[in-house]
Amino acid sequence: MSLRPPVRYRIVPKDLSGHLYEVTLTLAEPSPGGQRFSMPAWTPGSYLIRDFARHVVLLEAHAGKLRVGVEKRDKHTWQVAPCAGELTLRYEVYAWDLSVRGAHLDTTHAFFNGSSVFLYAHGRETEACEVDIAPPDDDLYRDWRVATSMPRAANTPPWGFGTYRAANYEELIDHPVEIGRFTLAEFTAEGVPHAIAITGRHDADMTRLTRDLAKVCAQQIRFFANPAPMTSYLFQVTALGDGYGGLEHRASTSLICRRSDLPRTGEDGVSESYRTFLGLASHEYFHNWNVKRIRPAAFAPPDLAHENYTRDLWVYEGITSYYDDLMLRRAGLITQAEYLRLLAEGITRVLRTPGRQRQSIADSSFDAWIKFYRPDENTPNAVVSYYAKGALVALALDLSLRLRTDKRCSLDDVMRALWTRYGMTGTGVPEGELERVASELSGQDLRAFFDAAVRGTGDPPFEALLGPFGISFQLRAAESDDDKGGTAAKQPARERAVLGARVASGAETKLVHVYTGGAAHKAGLSAGDLLVAINGLRIAGNLDKLLTRHAPGERVQCHAFRRDELMTFTVTLDAAPLDTCVLTLSDNADDKARSQRDAWLDGPR
Ligand code: ZN
């Protein structure tokens, strides 16, 4: 171990209206041949090359008082000329990305991920880092505070400006920082201090919120068995009029939600929108174990300059998506029936994706960098979500293990084994390890299951798997474009004519997706076409209503603009497919089925 001083950073929100941070990086003993620095090309947890270096402006280097030459070597690497003594880099970073992945700065707050603002010094990535977080230089912001899970130096007050520390660069960029006038509430779960900091205008019932989050957190800490892997935890929330997203970190998560998703004082029960927020929080919290610590060998450590490939992203995102809502059920925040409704909506989402028959979740994981994170008009036809289908494969694996071993083994046991073998020992999980561990613990040959569901494009046999748990599986046609599934049909069954396309909501009927093999595809309509009339009648934003005048199999004339050219298409309308799932608790389930169901949905008692 070297006794060199830590790599030191100083960051200050410098020009709030211009969205500029000023960052100073001080490095003792730079490489004698000339020190190199780079900005990450991506940020862990979000699998897309984002080239954060594009927001770096005005970079200069000094050794003592002497200016030192700097040359750009590639899109995100700077080479500093050989120099003696302490080297200081000063640069500005433009921050106007209001997402959980980037950096944002204005007169209302400051937020950054280290991967957007901190360069790393080549060869020094494993050395300790220190960062001074400084307030804006203006009395207007005197009441701003700092919310981050990064450990504080002894002289930095809680939630205050000052010095923070990380053991290495990877840790430095794994504690995003929120600065501003956030609402703060604290709670404990299984003895671990937790906090939630909410930025943005909101009127959330903080008492209710902390009480419910505490249940979810405690449930998960107990699931993986005490003690929790982190000594404290922070939910960093940005509440907006509209928005949704989350990114997991080792002791915190950054969430973006609608302010209407937060519970208001006097509101009881868990509304659909509040359930969305709790599900997101539960998802990111489960990542504390699954992906942050039970992490693929491919990311241990991550190569921040390039894509990091794994066919197992579905294990980390799909299984986490499976457990996020299940943990709400097991924590008692939603009922079994409410959970089944969410599950049915998830099944519906996947059944409406033709791409699930073209791409496996293993391939979707591998190609996340160019496909899942870069969706376009053809995505539903070509890509399957390793989140959504991954969650269903996790469900099918869990139920299969429970059935084949008569409850002796479940996915819960497999996750706990991955935790003790890999998470607790800090070892990267080899590719395909989930299948090996599940086979070993259950004593079952699972190759056919993984060949079909993971490496192949099969749909899990939902009906056969859910039946023995006393749950009936039904498929019906969607009643409208807004029908997400999960509930019985509101109207008596009636064949509905559809175009086989997704249209944008709003006044204009623009085709967003044209599904492979559907009526619109066969007629030659394309994504981007603006539908204006059916059989000479103006659509005027209400395609669903106009289509009720027609029956499946009927031929209609559609007028549509492609670019600025009016075109005519003859469309033979489809019948709405049976792609909408409803799951119900069977009244006549026997004791064995009920006991299987309760063990699964309520967890160990
Ligand atoms: Zn996730």
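Predicted model: local features only at pLDDT ≥ 70, side-chain atom pairs only at ≥ 80, totals over all residues.

Student: Let us begin with the metal site. Which residues coordinate the zinc ion, and through which atoms?

Tutor: As a general idea, ideal angles at a metal are 109.5 degrees for four tetrahedral donors, and 90 or 180 degrees for six octahedral ones. In this model, the zinc ion is coordinated by NE2 of His283, NE2 of His287 and OE of Glu317, at 2.0 to 2.1 Å. Water is not among the atoms, so the site may look incomplete.

Student: How are the donor residues of the zinc ion spaced in sequence?

Tutor: The spacing is H-x3-H-x29-E. His287 lies in the loop between α4 (272-286) and α5 (313-330), while Glu317 belongs to helix α5, so this pair ties together parts that are 30 residues apart in sequence.

Student: Are His287 and Glu317 buried or exposed?

Tutor: Both His287 and Glu317 are buried.

Student: The loop between α4 and α5 also holds Asn288. What is in contact with Asn288, leaving aside its neighbours within four places in sequence?

Tutor: Asn288 has 0% relative accessibility and therefore counts as buried. With those neighbours left aside, Asn288 is in contact with Pro229, Met230, Tyr233, His249, Arg250 and Arg293.

Student: I turn to the sheets. In what order do the strands of the open sheet of 7 strands lie?

Tutor: The general idea is that strands of a sheet pair through backbone hydrogen bonds, either parallel or antiparallel. Here the order is β5-β4-β8-β2-β1-β12-β14, and the pairing is mixed. Strands β5 (66-68) and β14 (162-166) are the edges, each pairing on one side only. On average, neighbouring strands of this sheet are turned by 25 degrees against each other, direction ignored.

Student: How many bridges join strand β1 to strand β12?

Tutor: There are 5 bridges between β1 (residues 7-15) and β12 (residues 129-133), and these two strands run parallel. Within this pair, Tyr9 stands opposite Val131 in β12.

Student: Which strands form the open sheet of 4 strands?

Tutor: That sheet has the order β9-β10-β15-β13, with antiparallel pairing. Its edge strands are β9 (103-105) and β13 (145-148), each of which pairs on one side only. From one strand to the next, the twist averages 15 degrees. Strand β9 is joined by 3 bridges to strand β10 (residues 109-112), and the two run antiparallel. Ala103 stands opposite Phe112 in β10.

Student: Next, helix packing. At what angle do helix α9 and helix α10 pack?

Tutor: One compares the directions of the two axes and then asks which residues meet. Helix α9 (residues 388-404) and helix α10 (residues 411-423) pack at an angle of about 105 degrees, with their axes 8 Å apart. That makes α9 roughly perpendicular to α10.

Student: Which residues meet where α9 and α10 are in contact?

Tutor: From α9 come Ala394, Leu397, Asp398, Leu401 and Arg402, which meet Leu411, Asp412 and Val414 of α10. The residues of this contact divide into 5 nonpolar, no polar and 3 charged.

Student: Why is helix α11 described as largely enclosed by the rest of the structure?

Tutor: An α-helix has 3.6 residues a turn, so residues three or four places apart point the same way. In helix α11 (residues 433-442), 7 of the 10 residues are buried, so α11 is largely enclosed by the rest of the structure. The buried residues are Glu433, Leu434, Glu435, Val437, Ala438, Ser439 and Ser442. What covers them includes α5, α9, α10 and α12 (447-453). Just after α11, Gly443 takes a positive phi of about 70 degrees.

Student: Finally, where is Ala41 placed, and what does Ala41 touch, not counting residues up to four places away in sequence?

Tutor: Ala41 is in the loop between β3 (36-38) and β4 (56-63). Its relative accessibility is 0%, so Ala41 counts as buried. Not counting residues up to four places away in sequence, Ala41 touches Leu48, Ile49, Arg50, Asp51, Phe52, His76, Leu304 and Ala305. Ala41 and Glu307 are 266 residues apart in sequence, yet 8.5 Å apart in space, C-alpha to C-alpha.

Note on methods
Residues numbered from 1 in each chain as written. Heavy atoms only, no water. Axes fitted to C-alpha atoms, helices over the stretch in contact; angles between N-to-C directions. Parallel < 35°, antiparallel > 145°, perpendicular 65-115°, else oblique. Contact = heavy atoms within 4.5 Å. Nonpolar A, V, L, I, M, F, W, Y, C, P; charged D, E, K, R; others polar. Donors = N, O, S within 2.8 Å, 3.2 Å for Na, K, Ca; no water. Buried < 20%, exposed > 50% of the residue type's maximum accessible area, 1.4 Å probe, protein only. Pairing = 2+ DSSP bridges.
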